[in-house]
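Me: Please go through the packing in this model with me, one question at a time.

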Amino acid sequence: MSKGGFSRPTGSFVREPAKRIFAAELRESRLQFRDGDDEKSPSFILLPTGERCNRIFICGEVTQKEKRGDQNTFYTARLRDPSGIFFLNAGSYQQEAMQQMAKINQGDFAAVVGKPGIRETPDGSIFVTVRVETITTVDRDTYLTWTNDTATQTLDRLESFGSTDDSKKASEFYNTSIEHYRRIVYESLVAADI
Amino acid sequence: MDIDPQMTERISLLFKEKGVLIENDKIESKLKLLTTDFGIAPEEAEKMVTNELLREHGLNGPSQQSYSSSSQQKIPISGASPGDWVTVEGKIVSLSSPQSEAIAQSGILSDESGAIRFIVWAKSNAPTLEERKWYRFESATVDEYRGAPSMKIHSGTTVSPVDEEKTFMPSPVQISELKPGVSTVRAKVVQDWEPRHERMFQSGLLGDESGTIRFVTWKEDSNVRLEAGKVYNIYYTGVDEFQGRLSLNLTGAMILEDEGAVIEVASGNMKISGAFVHMGGGTGLIKRCKVEGCNRALSRQNYCPVHEIQNDFRYDLRITGVVDDGQKASNVLIQREEAEKLTGITLDSAIEMAENNPLGFDDVTMKMQETLIGRYVECQGSDIDGTLLVKGCSPLSYDSSRHAELINRASVSPEGGVQE
């Protein structure tokens with residue numbers, strides 16, 4: 001430790017911000033890691049555009065909702081944003097999220113705060129799901145505002161790409177094409193306005 | 001425990017300058033022996049290994065002196081940092097009763113530059129220090145205790161009284177500049193809170209032009225009660241850090257009222273905008289204790305943490321939650337008036353829901369969740385101890401010109417970017 005520097009106590013709690021991300025980028029995320037050795041250390045996904053996220057805030061249209069399981073019921077749903085589909089789930093460990101999920105209807109616009117996770121299916125394919133913390137029905141205005149917000153933050157990430165530690169790691173791992181993600185942003189903005 | 005390679009390198013360099021080559025392996029094994037087998041602190045081990053090697057190579061004459069001379073040079077107290085060996089001169093501005101038998105004395109030492117807490121170990125055989133007298137401490141060590149520097153007087157420390165007395169006034173530090181340790185502040189009492197603990201004498205919020213900070217005074221014989229709205233000069237208050245937040249511990253501090261003084265306390269006026277991502281437990285219709293000056297939130301069973309069961313209460317509405325801009329999640333507290341505007345639920349309608357329906361309280365909270373979570377809002381208010389006390393809050397609506405700007409921004413590839 002450097003002389004005279006005051007280290008933060010390890011117990012201090014700071015809520016992880018919810019990153020804004022389009023479905024097309026989340027779908028391509030593959031690297032999940034823990035920050036620290038502790039069992040309770042937060043788990044992060046490194047986004048191809050070069051930031052880590054533990055929590056995300058997403059918006060879209062609910063295209064499919066299903067209640068599954070007999071004893072351990074859980075919900076799965078699909079949320080479509082202008083770039084693609086998010087796969088949502090809410091299990092019995094998140095009573096509140098499940099109840100909120102029950103109220104959501106197919107065709108609604110919904111806003112979701114949740115934790116992303118990378119899963120492997122039995123047949124070996126990998127996909128990214130979002131464990132819902134809260135889901136609420138919102139209006140189209142909120143959805144469009146979210147699209148602007150997500151476009152802004154994605155472009156911000158692309159513009160600082162290469163200058164932060166996380167983005168250097170992302171570049172190494174994903175070999176990120178800036179152009180590819182810039183196009184996703186552009187197409188999402190155009191698609192959202194229709 | 002691994003040896004810091006920089007440490008080995010430092011020692012090796014020191015000897016290289018003197019024309020002696022020592023293998024890094026040798027240095028490292030010596031360091032390892034001291035730190036791992038004897039549990040000696042790495043900095044201390046570095047000194048010991050250096051001295052040992054100096055002796056071994058017959059270099060302990062003048063060079064030894066040059067090595068240790070740094071610790072005999074008097075430094076200002078404000079310059080003492082954890083890990084240092086220091087020589088300081090200062091005045092004992094307060095003595096407190098030691099908390100352990102291993103400690104002979106403890107207190108605060110100050111010079112014009114600042115102040116530091118100190119401890120005299122019982123085994124140090126140091127002379128008994130007297131309050132308001134000046135002393136010189138040679139080769140004392142500084143370490144860190146609860147995030148603040150603390151000076152230790154041990155058996156290797158030379159303590160001598162200093163005759164020349166200097167008078168100085170400690171200069172106040174701005175609240176936003178405070179660091180853990182001992183400081184002097186000039187501040188106004190912004191809020192006076194009811195003590196939450198029987199050992200607590202007073203607690204509240206102090207503020208100056210730069211910001212606000214919590215304070216607490218624990219009960220002892222010489223307590224001074226601060227009055228809300230008045231300005232005080234507070235000399236040698238403890239600055240504690242807990243969970244990354246600072247607070248002042250005024251117990252034992254010298255407190256003088258600055259009569260008639262006016263301080264414009266920084267309101268910490270802040271504006272945040274983002275998505276409302278989370279609603280806290282205290283959200284919705286609540287009952288408050290009606291005892292004069294209390295106003296605490298009661299539990300569902302009408303229990304006030306101080307005044308016990310209060311069946312005569314008054315209703316209130318509030319929202320606690322988190323507004324998140326994607327980079328930072330901020331706690332917000334929204335009081336009745338703004339909560340009504342934001343959710344469209346008035347206090348009266350909430351009371352009606354609560355009194356006519358067994359699940360009324362939950363219904364109010366749920367309605368608030370449904371109207372607010374996931375929406376974009378802009379809040380402005382003052383930052384009190386990490387929570388934004390919201391004075392105004394409004395929903396953000398869709399900005400189509402922003403959308404057009406973004407399409408432009410996204411359609412040009414960044415020049416000179418990292419494009420592949």
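Me: In which sense do strand β3 (residues 43–46) of chain A and β4(A) pair?
Reply: This is a predicted model, in which local features need pLDDT of at least 70, side-chain atom pairs count only at pLDDT 80 or more, and totals for chains, interfaces and linings use all residues. Residues are numbered from 1 along each chain as its sequence is written, chains are lettered from A and ligands numbered from 1 in the order in which they are written, and side-chain values use heavy atoms, without hydrogens and water. Strands are DSSP runs of E with at least two residues, helices runs of H or I with at least four, numbered from the N terminus, and two strands pair if DSSP finds at least two bridges between them. β3(A) and β4(A) are joined over two bridges, and the sense is antiparallel.

Me: Which strands stand at the edges of the open sheet in chain A?
Reply: Three strands form this sheet in the order β2-β3-β4, with antiparallel pairing. Two of them have a single partner strand each, so one side of each is left without a neighbour in the sheet: β2 (31–34) and β4 (52–53) of chain A.

Me: At what angle to β3(A) does helix α4 (residues 165–174) of chain A run?
Reply: The helix lies across β2, β3 and β4 of chain A. Axes are lines fitted to C-alpha atoms, for helices over the stretch in contact (heavy atoms within 4.5 Å), and angles run from 0 to 180 degrees between N-to-C directions. For α4(A) against β3(A) the angle is about 65 degrees.

Me: Why do helix α1 (residues 5–17) and helix α3 (residues 42–56) of chain B count as roughly parallel?
Reply: Angles under 35 degrees count as roughly parallel. The axes of α1(B) and α3(B) are 11 Å apart. α1(B) and α3(B) are therefore roughly parallel, the packing angle being about 25 degrees.

Me: What is the handedness of the crossing of α3(A) and α8(B)?
Reply: Helix α3 (residues 140–159) of chain A packs with helix α8 (residues 400–411) of chain B at about 30 degrees, their axes 10 Å apart. Residues in the contact include Leu155(A) of α3(A) and Leu406(B) of α8(B). A crossing is left-handed if the near helix is turned anticlockwise from the far one by less than a right angle, and right-handed if clockwise. This crossing is left-handed.

Me: How many residues apart are Phe87(A) and Phe127(A)?
Reply: The structure holds eleven aromatic pairs over all chains (ring centres of Phe, Tyr and Trp, its six-membered ring, within 6.5 Å). Phe87(A) and Phe127(A) form one that is edge-to-face (planes over 60 degrees apart), at 5.9 Å centre to centre and 85 degrees between the planes. Phe87(A) lies in strand β7 (residues 84–90) and Phe127(A) in strand β9 (residues 126–138) of chain A, a separation of 40 residues.

Methods
Angles under 35 degrees count as roughly parallel, over 145 as roughly antiparallel, 65 to 115 as roughly perpendicular and the rest as oblique. Rings of Phe, Tyr and Trp (its six-membered ring) pair if their centres lie within 6.5 Å; planes under 30 degrees apart count as stacked, over 60 as edge-to-face and the rest as tilted.
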